[in-house]
Amino acid sequence: MGTVSPRAVLRFENWTLEPDVEPDSEPVTYAMQCAVDEETSPVSEDWVAPQDWVLKHCGKNPSHHTYREIITRPWRAWRQS
């Protein structure tokens, strides 16, 4: 038999995950989606506009009573040294 050599080196590191609040981070955005027909409101940095869309949508579609809130929040991961 030949010599045995390592095929991989494992190194364990600690990582941190947190919301990205740096000045250059992407904004938090909001949208609402109808659970009945899956139509989605425009995306907004303000939560009021998507909620207004829901009221208009259910006014046009009286049987559509359930909605999903879609929040897109930037996160960042960094290695602790």
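Predicted model: local features only at pLDDT ≥ 70, side-chain atom pairs only at ≥ 80, totals over all residues.
View 1. Residues are numbered from 1 along each chain as its sequence is written, and side-chain values use heavy atoms, with hydrogens and water left out. Helices (H or I, at least four residues) and strands (E, at least two) are DSSP runs, numbered from the N terminus. The buried residues of H1 are Pro50, Trp53, Val54 and His57, where buried means under 20% relative accessible area, exposed over 50% and partly exposed in between, with a 1.4 Å probe and protein chains only. Seen down the axis of H1, these buried residues fall within an arc of 105°, so they line one face of the helix; the arc is that of the directions from the helix axis to the C-beta atoms. An α-helix has 3.6 residues a turn, so residues three or four places apart point the same way. On the face turned away from the buried side, H1 carries the exposed residues Leu55, Lys56 and Gly59. Ala49, which is also found in H1, is partly exposed, with a relative accessible area of 42%. The C-alpha atoms of Ala49 and His64 are separated by 18 Å, although these residues are 15 apart along the chain.

**View 2. The aromatic pair.** A search of the whole structure finds 1 aromatic pair, a term for rings of Phe, Tyr and Trp (its six-membered ring) whose centres lie within 6.5 Å, with planes under 30 degrees apart counted as stacked, over 60 as edge-to-face and the rest as tilted. The rings of Trp53 and Tyr67 have their centres 6.3 Å apart and their planes at 90°, so the pair is edge-to-face. The pair links distant parts of the chain, with Trp53 in helix H1 and Tyr67 in strand E3 (residues 67-72), 14 residues apart. Trp53 is buried, its relative accessible area being 15%.

View 3. The structure holds 1 cavity of 30 Å³ or more, and the volume of the largest cavity is about 30 Å³. On a 1 Å grid over the protein atoms alone, a cavity is a set of points where a 1.4 Å probe fits but cannot get out, and lining residues have an atom within 4 Å of a point. Grid points are joined across faces, edges and corners, and a volume is the space filled by probe spheres set on the points. The lining of the largest cavity is made by Tyr30, Ala31, Met32, Trp47, Pro50, Gln51 and Glu69. Strand E2 (29-34) and helix H1 are the elements that give two or more residues to this lining, and E2 gives the most, with 3 residues. The lining residues divide into 5 nonpolar, 1 polar and 1 charged, counting Ala, Val, Leu, Ile, Met, Phe, Trp, Tyr, Cys and Pro as nonpolar, Asp, Glu, Lys and Arg as charged, and the others, Gly among them, as polar.

View 4. Val28 lies in the loop between strand E1 (15-19) and E2, and at 25% relative accessibility it counts as partly exposed. Val28 and Arg73 are 45 residues apart in sequence but 4.7 Å apart in space, C-alpha to C-alpha. Arg73 lies in the loop between E3 and strand E4 (75-79) and counts as partly exposed at 40% relative accessibility. Arg76 lies in strand E4. The loop between E2 and H1 contains Glu38, whose phi is near 60°, a positive value in a residue other than glycine.

Technical notes
1 Å grid on protein atoms, 1.4 Å probe; cavity = no way out; pocket = protein on both sides within 12 Å on 5 of 7 lines; lining within 4 Å.
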